[in-house]
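Please read the points below alongside the sequence and the coordinates. They cover side-chain contacts and some backbone geometry.

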Amino acid sequence: TKDGGGSGFRELVRNSRTGVLSAQVVAVVSNHDKGGVAQIAALYGVPFVHFPGPYTAEEYRRIVAEVGAEWVALSGWLKLVLGLDPRTTINIHPGPLPRFGGKGMYGKFVHEAVVKAFQGGERELTSAVSMHFVTPVYDEGPVFFRYPVIVEDGDDGAALQERVNKVEHGWQSYVTNLVVTQQISWDGHSKASLKVPAGWQFL
């Protein structure tokens, strides 16, 4: 955000330096020039790119080429991404997909919708941290990681968000590492081509 955020990015950087994530974070991109992401980038010495638009395929490809990135992780990026390789672009989503995904379903709106459904009688409903490959349609690419998160009586969106964020921060780097080491992959076209490690229990 323009005055906060960036916690997922911070965890990726930290874990790239402990060996949990076997990759170098070559740059971070934000549409806010002085927000939390810019501050964290300065703290850890990661090159920062301010990207105010236009959000076209050509611009996305230009930035990725200029920073020399082989993989793209969307962690808090809310704009529709176009033109990037769907085999090497991933996203983390703070709710169950596909039901609680799509345009406008991000952040607090996801948590509030899940809580509303739970309070409306869907007592078996859980939220989730989901990770998926990115295609030109919001949250449409194949999901390769689902970690259920309990919804409890008395929850509001903020309480559920706190619980979901803990799971995100704990798992994002580990699962991202499985992608960049190609233990999780797909062909970029067919969801049926998705490959995950043997015994993978997070689908």
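1. Provenance. This is a predicted model, in which local features need pLDDT of at least 70 and side-chain atom pairs count only at pLDDT 80 or more, while totals for chains, interfaces and linings use all residues. Residues are numbered from 1 along each chain as its sequence is written, and side-chain values use heavy atoms, with hydrogens and water left out.

2. Aromatic pairs. The search of the whole structure returns 18 aromatic pairs. The criterion is ring centres within 6.5 Å for Phe, Tyr and Trp (its six-membered ring), with planes under 30 degrees apart counted as stacked, over 60 as edge-to-face and the rest as tilted. Phe145 and Trp171 form a tilted pair, because their planes are at 35 degrees, with ring centres 5.7 Å apart. This pair links distant parts of the chain: Phe145 belongs to strand E6 (residues 143-149) and Trp171 to helix H5 (residues 157-180), 26 residues apart. Helices (H or I, at least four residues) and strands (E, at least two) are DSSP runs numbered from the N terminus.

3. Accessibility of that pair. Phe145 is buried at 0% relative accessibility, whereas Trp171 is partly exposed at 23%. The classes are buried under 20% relative accessible area, exposed over 50% and partly exposed in between (1.4 Å probe, protein chains only). Both residues belong to one aromatic cluster, made up of Phe145, Tyr147, Trp171, Tyr174, Trp200 and Phe202.

4. Helix H5. A kink of about 40 degrees in H5 is centred on Trp171; the bend at a residue is the angle between axes fitted to the seven residues ending there and the seven starting there. Does the end-to-end span of H5 agree or disagree with 1.5 Å a residue? The 24 residues should span 34 Å and the end C-alpha atoms are 32 Å apart, which agrees. The expected span is 1.5 Å times one less than the number of residues. Just after H5, Gln182 has a positive phi of about 60 degrees.

5. The structure holds nine salt bridges, each defined as a side-chain nitrogen of Lys or Arg within 4 Å of a carboxyl oxygen of Asp or Glu. One of them joins Arg62 and Glu66, at 3.1 Å from N to O. These residues are four apart in helix H3 (residues 57-67), so about one helical turn separates them. Arg62 is partly exposed, with a relative accessible area of 34%, and Glu66 is exposed at 59%.

6. Salt bridge between loops. Glu122 pairs with Arg99, with the closest N and O atoms 2.7 Å apart. The pair links distant parts of the chain, 23 residues apart: Glu122 sits in the loop between helix H4 (107-119) and strand E5 (127-133), and Arg99 in the loop between strand E4 (89-93) and H4. Glu122 is partly exposed at 33% relative accessibility, and Arg99 is partly exposed at 48%. Elsewhere, salt bridges with shared partners join Arg10, Glu11 and Arg14 into one network.

7. Glu11 and Arg10 form a salt bridge whose closest N and O atoms are 3.9 Å apart. Glu11 counts as buried at 16% relative accessibility, while Arg10 counts as partly exposed at 26%.

8. Loop glycine. Gly53 lies in the loop between strand E2 (48-50) and H3, and is partly exposed at 23% relative accessibility. Its C-alpha atom is separated by 20 Å from that of Gln39, 14 residues apart along the chain.
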